[in-house]
Amino acid sequence: MKKESFIIAIGAALFVTAVLYGISSFYPTLALPDSLIIIFCVCFSVVYFFYYLLVGQRLKKIKDLLLKETKTESISLKDLENQLYNLLEERKEELEKIEKLERHRREFLGNVSHEMKTPLFHMQGYISTLSDNETYDEELFKRYLERTEKSIERLIRILEDLDTISQLESREIVAEIEPFDIVELSKEVLESEELNAEKKNIKFDLQAESEKMYVMGDRFRIRQVLLNLVVNSIRYGKKDGETRIRIKNSGEFVSIEVGDNGIGISAEHLPRLFERFYRVDKSRSREQGGTGLGLSIVKHILEAHHQTINVMSTEGAGSVFTFNMKKPNGNGHNHN
């Protein structure tokens with residue numbers, strides 16, 4: 001910084017001296033040429049100390065802030081400019097991320113409000129109708145009570161799912177890792193959803209490379225993962241369609257694939273598919289009875305197992321969700 005201050009001061013002093021010399025040539029009575037050396041020295045001293053003490057020291061502080069070092073004399077002004085530019089770009093990216101998070105937060109709050117109000121308004125409407133009905137109609141009374149009960153159940157499911165996500169995000173839920181048979185668990189999940197599948201005549205197809213394939217994980221939580229994926233597959237599947245589970249070895253891992261030949265998902269929705277309450281088709285999703293939290297729970301459970309969920313989908317042709325589970329001991333051998 002001293003070197004830069006010295007060069008700038010010399011340049012400024014020479015410029016001022018040259019200007020004064022030019023003026024003296026037009027006005028000889030000023031007798032400035034005899035004092036040019038003094039003028040040069042005074043100008044140099046003023047510029048040098050002004051630049052070094054005020055401008056230079058501030059630039060030095062900026063350098064120290066950027067580089068977090070005490071010795072920054074070797075950095076040039078061009079390098080400093082580049083550092084400042086990069087810093088501004090980083091801050092710009094951070095602001096964009098903050099704005100994106102804030103936008104998602106507002107959407108989330110709006111979605112929570114809407115999801116909670118819908119069953120509450122339904123309950124209010126049914127109860128008000130029954131209380132205002134002057135004549136007792138047993139059939140109407142029974143039908144509206146059943147609808148009220150369904151709205152209560154939906155509200156409870158939303159609250160339970162929100163509580164699950166909150167616990168997963170805050171890591172209050174500790175995964176109980178143990179070896180278990182993923183093939184057996186998959187059969188169990190499919191059997192539990194047979195009645196729902198029969199309503200749309202959806203067939204189940206489970207294929208595994210071995211009769212028993214053991215993985216390390218929290219069996220209860222992985223059951224939630226499989227159940228949510230299978231339920232989604234049935235919910236958005238086509239009538240007379242298919243829901244399939246494929247389980248195969250993949251090095252130290254077991255790969256689990258849940259697919260269907262349902263309505264599929266367009267590419268524009270895939271990046272936000274695992275966000276809370278995000279719905280591809282909002283009206284149809286609510287008609288199907290989903291809370292909009294299932295895939296978000298899947299994502300968080302797998303993250304707790306240090307795994308990710310991947311999806312491939314073609315609109316009108318179906319979707320395939322894939323995730324991995326680590327084998328016991330990571331040695332590629334199954335337990336019998």
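## Helices across the sheet

Helix 5, made of residues 182–192, lies across strand 2, strand 4 and strand 5, and runs at about 175° to strand 2; helices (H or I, at least four residues) and strands (E, at least two) are DSSP runs numbered from the N terminus. The model is a predicted one, in which local features need pLDDT of at least 70 and side-chain atom pairs count only at pLDDT 80 or more, while totals for chains, interfaces and linings use all residues. Residues are numbered from 1 along each chain as its sequence is written, and side-chain values use heavy atoms, with hydrogens and water left out.

Helix 7 (residues 219–235) lies across strand 2, strand 4, strand 5 and strand 7 (318–326), and runs at about 25° to strand 5. Such angles run from 0 to 180 degrees between N-to-C directions, with axes fitted to C-alpha atoms, for helices over the stretch in contact, where contact means heavy atoms within 4.5 Å.

Five strands form an open sheet with mixed pairing, in the order 2-4-5-7-6; two strands pair if DSSP finds at least two bridges between them. Strand 2 (203–208) and strand 6 are the edge strands, each pairing on one side only.

Strand 4 (residues 242–250) and strand 5 (residues 253–260) run antiparallel and are joined by eight bridges. In strand 5, Ser255 is the bridge partner of Lys248.

## Gln307

Gln307 lies in the loop between helix 9 (294–304) and strand 6 (310–314). Leaving aside neighbours within four places in sequence, Gln307 is in contact with Phe253, Leu302 and Asn324. Gln307 is buried, with a relative accessible area of 14%, since buried means under 20% relative accessible area, exposed over 50% and partly exposed in between (1.4 Å probe, protein chains only).
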